[in-house]
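Q: I would like to go through this two-chain model with you, one topic at a time. Please have a look at it first.

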Amino acid sequence: MTRFIGFLVVAGLSLALASGASAEGTLRIGMTAADIPYTGGQPDNGFEGFRFVGYQVYEPLINWDLTQSDKLPALVPGLAESWEVSKADPKKWIFKLRKNVKFHDGSPFNADAVVFTFESVKNKQAPHYDTYGGAQVGWRLAALKAIKKVDDFTIEIETPTVSSFVPYQVVYMLIVSPTQWGKVKDWRKFAEQPSGTGPFKVVRFVPRERLELEANRAYWDPKRMPKVDKVVLLPMPEPTTRLAALRSGQVDWIEVPPPDSIQQLKGAGFQIVTNKYPHNWGHILRLDKEPWNNKLVRKAANYAIDRVGICKNLLNDTCVPGTGVAYKGHPWFGNPKEIYEYNPAKSKELLKQAGFDGTTKRPARAVALISTSGSGQMLPLAMNELVQKNLKDVGIDVDLQPIEWNSLTQRFRAGFTGENAGVNALNISFNFVEPFSAFGRFFHSKSVPPASVNIMPFVNPESDRLLDEAEKTFDLAKQDAILAKVHELVVDEAPWIFVVHDLNPRAMTPKVKGFVPPQSWFIDLTQVSVAK
Amino acid sequence: MWRYVGRRLVLAVPTLLGASIIVFAMVHLAPGDPIAAILPVDASKEQIEDIKKVYGFDKPLPVQYLKWLGRVVQGDLGKSIATRRAVILDVRDSLANSLVLALSSSVLAFGAGIALGLLAAFRQGRALDKIASAMAVIGVSVPHYWAGIILIIIFSVQLGWLPAMGASSDGGLVGYLRHMTLPTIALALIPLGVIARVTRSAALDILNQEFVLALRAKGLAQRRVFAHVVKNAAPQIITVLGLQFGFQLGGSVLVEAVFSWPGTGYLLNLAIFQRDMPVLQGVILVLATFFVLLNLLVDVLQTYIDPRIARH
């Protein structure tokens, strides 16, 4: 027995001492995704897929400039050197493509690759149609009707209607290598040996466990030559697992540390990086039924929420108050009449005007579907309990119905019908990266399901008119001004209970240098280095 | 003997069929949608229908079940919805990882459990018995996922000796062994407690029988008495060992989740949240098959040790 124990001790110690030192210049990231995002071109796992796989391995024709923190990322030339809308026929766009760019497999990038990629996500008849990738990204490319090769380095994009939103959609179409596909002739196999033009290439793919990227030393843009040799991406859906992995030195960087660990992490010398980005967390209201069919009640609800309290006390400053779709300082914020600050007295006053005194006569029971967890949902249970308490304080009774994240997304798609007939609010988070995501899908009458996700439904002729005008305005400054008007209108109509904007917290070891958090869901990993 | 094994094997078929029907019904009746998990909320109805068609979810449930069964009989468990890899590959990889963990934790638990149990039985009522029993109770009562978190805090975060998560093969065999140490300990706690308790009571039962008294009266050395007791207590202990090994294989969802150990439990957990039905069905079917085979193996072993059982 003694000998056995002795053996165990020795074995344990030798295991402990044989520490696995990591390679130099390797950046190891713990993602929140439950799995490795799809590597076959058009990523799944939402924007986290674009962030870590899509925009690192592949590139669109137009890139986001992710090098600054203080202003929104601009659209800059990517695989296209320039683009312009045809003056003769504004439904046609000409893109001049970059020359001397090579895919990871060594084959050249050209107009054929762009047409090939477009067909793979939009043309069901094409032999290389990717049903899965198409479903991930097809809806984002609504304004791209056809792509034609003009010459080897020029393409023409045709749109169904005049649309200035084309560049905002082109950023989601990641160009894949036709040569590599020709070798494997199957998207699943392609995903295991992918080939794009991005600054990183896939060198090791262990399904469900890890994805290893290596710097693409043949990358065309010297300014974006990766500073690290290798990036290792590890899916870690459990927040406590991510935290333990960071603290035990298994990773250098984790996405979204648990908010209550932030003080402790700072104390232990870790960097906590946050910034505003187009994320919105709130309740989408059902507008055709009591109590939310009354604008006064909706405004009352918005004045009842203690947003500062939620961000400070519950989320340790990992969010900022949200008083609209966009945040203050965003070009689309505009100058709304109402700034929803925490004002219970004003809230009660508005309820009184709406015919509810808040004690004997309270707004009819409102049922809100919420999730127990989920991508971008932050801490849904605790946050919703605070929202519920705030509303109860002014005299609005909300019944929370927590369901699991997968069921919530499914029931969100269904809208306030069928199973959801008894529900009149739904808590879900969104991005507002481009005009369609921010406004078009929610606040245009043509987006009422099944076309898109205006489930409330929000039907407002002025909003429709402004959105149509914005889509026809090619001057970006003017377009921003029109969208700001849409925003002012939406804030005044209060079709949502606006609550907070997430700050996308990340925790890193002090060795991680050079990361600039952009106001974006996406990041540029090329500028990041890991000190020895 | 062989007829007995044959009969048991035939009986295993309806058991597995039943299990597969229950699994199929459960994963399809639960709220949620396999397609919702993999597509953005804005994906169009048409695209959702297309994907449903690709996976055969557009067919009525009984048809889906029969088609699935038809493929399973030919050894094809279908394709994962989330990764689009053949389920058999996922099952193979995760099963290998879980088997390793099940084996290592079983060796630890069985060895330590039997030793503790026998020690307690032979020193009944004395301090050693109380200590061993207390350890057994702790093993059974402490939730292993909690113990896992505590192990991580102590050995990974504070001391920095062992990795906290994953099964990374980065460091070769040593790396793999380092990764499996903490989950092995966490996973061994419960069976250690169970086995120690069962062994103690089984050994005590035998110790109180008259033949032991007779052996002792004959003047047999304590060592020889011990051997007789162990042999007589063995069938009971083996039954528990078999069951515990089965549990180790399938019952480690929580521990594997805590340590992100890429085994069957982790895969099941992932598949549940992703509503990855082909994976769920595949993993559960394979685990059920393991359980059935393991039970059979235990029964055969028991018959071998104690021929009276075959006659019952």
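Q: What percentage of the residues of chain B count as buried?
A: Of the 312 residues of chain B, 40% are buried, where buried requires 20 or more other C-beta atoms within 10 Å of the residue's own, exposed means 12 or fewer, partly exposed lies in between, and C-beta atoms are placed from the backbone. Please note that this is a predicted model, in which local features need pLDDT of at least 70 and side-chain atom pairs count only at pLDDT 80 or more, while totals for chains, interfaces and linings use all residues. Residues are numbered from 1 along each chain as its sequence is written, chains are lettered from A and ligands are numbered from 1 in the order in which they are written.

Q: How many helices and strands are there in chain B?
A: Chain B has 14 helices and 0 strands. Helices (H or I, at least four residues) and strands (E, at least two) are DSSP runs numbered from the N terminus.

Q: And what does chain B span along its principal axes?
A: The C-alpha trace of chain B spans about 85 × 55 × 35 Å.

Q: What share of the contacts in chain B with a separation of 6 or more comes from residues 24 or more positions apart?
A: That share is 72%; a contact means that the C-beta atoms of two residues, placed from the backbone, lie within 7 Å.

Q: Turning to the interface, how many residues of chain A are in contact with chain B?
A: On chain A, 41 residues are in contact with 46 residues of chain B. The elements of chain A that give two or more residues to this side are α1 (2-17), α4 (131-137), α8 (239-247) and α14 (405-414).

Q: Which element gives the most?
A: α14(A) does, with 6 residues.

Q: How do the residues on that side of chain A divide by type?
A: There are 15 nonpolar, 16 polar and 10 charged residues. Ala, Val, Leu, Ile, Met, Phe, Trp, Tyr, Cys and Pro count as nonpolar, Asp, Glu, Lys and Arg as charged, and the others, Gly among them, as polar.

Q: Which residues have the most contacts inside the largest nonpolar core?
A: They are A:Ile29, A:Val231, A:Leu233, B:Ile195 and B:Val283, in a core of 154 residues. A nonpolar core is a set of buried Ala, Val, Leu, Ile, Met, Phe, Trp, Tyr and Cys residues joined through C-beta atoms within 7 Å. Helix α8 (residues 172-207) of chain B gives this core its largest share, 16 residues.

Q: What does B:Ile195 touch?
A: Not counting residues up to four places away in sequence, B:Ile195 touches B:Ala109, B:Phe110, B:Gly113, B:Ile114, B:Gly117, B:Val240, B:Leu241 and B:Gln244. A second, separate core has 67 residues, including A:Phe356, A:Phe416, A:Leu426 and A:Met456.

Q: Now the sheets: what is the strand order in the open sheet of 7 strands?
A: The order is β8-β9-β10-β1-β11-β19-β12 of chain A, with mixed pairing; two strands pair if DSSP finds at least two bridges between them. β8 and β12 (271-273) of chain A are the edge strands, each pairing on one side only. From one strand to the next, the twist averages 20 degrees.

Q: In which sense do β1(A) and β11(A) pair, parallel or antiparallel?
A: β1(A) and β11 (residues 253-255) of chain A pair in the parallel sense over 2 bridges, and A:Gly30 stands opposite A:Ile254.

Q: What does α2(A) touch on that sheet?
A: α2(A) packs on the sheet and touches β1, β8, β9 and β10 of chain A, with its direction at about 120 degrees to that of β8(A). Axes are lines fitted to C-alpha atoms, for helices over the stretch in contact, and angles run from 0 to 180 degrees between N-to-C directions.

Q: How many of the residues of α2(A) are buried?
A: α2(A) is mostly covered, with 11 of its 12 residues buried; A:Phe47, A:Arg51 and A:Tyr55 are among them. The cover includes β17 (425-431) of chain A.

Q: And the open sheet of 4 strands, what is its order?
A: It runs β4-β5-β7-β6 in chain A, with antiparallel pairing, and its edge strands are β4 (80-85) and β6 (146-151) of chain A. Strands β5 (residues 92-97) and β7 (residues 154-158) of chain A are joined by 5 bridges, and A:Lys96 has A:Thr154 as its bridge partner.
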